[in-house]
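Thank you for making time this morning; I would like to walk through one model with you, going from a single loop residue to the sheet and then to the core. Please keep the structure open while I talk.

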Amino acid sequence: MPHSQTSAPNERFPKGRLARGASPWLLPTVATAALSLARSRHSRSAAAIAVPATALAAGMVWFFRDPEREITQGRVISPADGVVQSIMPWKDGRTRVAIFMSPLNVHVNRAPLAGTVTSVEHIPGGFVPAFNKESENNERVVWHFDTELGDIELVQIAGAVARRIVPYLPQDAKVEQGERIGLIRFGSRVDLYLPEGVDVDVEVGQKTVAGVTRIDRD
């Protein structure tokens with residue numbers, strides 16, 4: 001069912017089309033493509049490099065896109081673009097909604113609710129594919145937000161290719177619903193833990209859009 005939408009909240013960082021934290025990957029590929037194109041008229045080796053380098057640079061620009069969103073009204077909205085991988089009741093009464101993000105998705109994650117960041121914890125781990133059950137032991141960043149629904153936990157999980165998670169906000173930061181909170185480079189997963197008593201309004205296999213898809217039901 002479509003939900004009413006409202007304008008995106010003011011962003012803490014300048015608005016743009018490319019994700020904050022993309023430069024370590026993006027700049028070298030764009031520079032290589034530009035240099036090889038510039039030299040391609042006078043060098044066969046540069047010409048041979050120009051085509052794949054340009055294609056790679058274009059792919060990086062596409063991967064690190066960061067489009068503006070019209071933020072949906074609702075108590076809990078999706079923190080990630082992707083597909084709902086699983087919905088599991090947790091021992092403490094919460095419900096975990098796991099969203100798998102493929103390399104084709106936007107990889108900037110957004111706050112599911114407004115509130116205060118009470119903790120941001122980086123936990124070292126492995127790099128198995130994010131759709132694998134063992135990915136729960138992967139490199140990850142665990143967020144806790146103090147919200148109108150109480151404590152909300154969100155986990156950004158690195159995948160087989162994603163080797164870097166870039167948080168945008170520090171502990172004690174105030175955050176608006178739908179505000180950008182961080183980037184996961186390449187394929188990965190985001191787990192959202194809903195408090196006891198909050199019903200889920202998405203299904204396994206459903207596509208989600210960060211800041212747009214509502215996760216809970218009234």
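Predicted model: local features only at pLDDT ≥ 70, side-chain atom pairs only at ≥ 80, totals over all residues.

**From a loop to the core**

Asp172 lies in the loop that runs between β7 (165-167) and β8, and although Asp172 is not a glycine, its phi is positive, at about 80 degrees.

Let me step back to the chain as a whole. The protein chain has 2 helices and 13 strands, and of its 218 residues 47% count as buried. The accessible surface comes to about 10900 Å², with 57% of that area belonging to carbon and sulfur atoms. If we take the contacts with a separation of 6 or more, residues 24 or more positions apart account for 71% of them.

Now to the sheet. In what order do the 8 strands of the open sheet run? The order is β8-β4-β5-β6-β10-β2-β1-β12, and the pairing is antiparallel. The edges are taken by β8 (174-175) and β12 (207-208), each of which has a single partner strand, so one side of each is left without a neighbour in the sheet.

Within that sheet, I would draw your attention to strand β5 (residues 140-147) and strand β6 (residues 150-158), which pair in the antiparallel sense over 8 bridges. Val141, for instance, stands opposite Gln156 in β6. His144 also has its place in strand β5, and its side chain makes a polar contact, at 3.0 Å, with the side chain of Asp151. Once the neighbours within four places in sequence are set aside, the residues in contact with His144 include Thr116, Val117, Thr118 and Ser119, as well as Asp151, Ile152 and Glu153.

Let me turn to the aromatic residues. A pair of aromatic rings is described by the distance of the centres and the angle of the planes. The structure holds 2 aromatic pairs. Trp90 and Tyr193 form an edge-to-face pair, with 5.5 Å from centre to centre and 75 degrees between the planes. This pair links distant parts of the chain, since Trp90 sits in the loop between β1 (82-89) and β2 (95-101), while Tyr193 belongs to strand β10 (residues 188-194), 103 residues apart. Are the two partners buried or exposed? Trp90 is partly exposed, with a relative accessible area of 30%, whereas Tyr193 is buried, with a relative accessible area of 8%.

Trp143 and Phe145 form a stacked pair, at 5.8 Å centre to centre and with 0 degrees between the planes. Trp143 counts as buried at 0% relative accessibility, and Phe145 is buried as well, with a relative accessible area of 1%.

In soluble globular proteins, nonpolar side chains tend to be buried together. Here the largest nonpolar core has 35 residues, of which Val97, Trp143, Phe145, Leu169, Ile181 and Leu194 touch the most other members. The elements that give two or more residues to this core are β2, β5, β6, β7, β9 (180-184) and β10.

What does Trp143 touch, if we do not count residues up to four places away in sequence? Its contacts include Val117, Ser119 and Val120, then Ile152, Glu153, Leu154 and Gln156, and finally Pro167, Tyr168, Leu169 and Ile181.

Notes. Residues numbered from 1 in each chain as written. Heavy atoms only, no water. Pairing = 2+ DSSP bridges. Helix = DSSP H or I, 4+ residues; strand = E, 2+ residues; numbered from the N terminus. Polar contact = N/O pair within 3.5 Å; in protein donor to acceptor, adjacent residues only side chain to side chain. Contact = heavy atoms within 4.5 Å. Buried < 20%, exposed > 50% of the residue type's maximum accessible area, 1.4 Å probe, protein only. Areas by Shrake-Rupley, 256 points an atom, 1.4 Å probe, with all protein chains shown as cover. Phe/Tyr/Trp six-rings, centres within 6.5 Å; stacked < 30°, edge-to-face > 60°. Core = buried A, V, L, I, M, F, W, Y, C linked by side-chain atoms within 4.5 Å.
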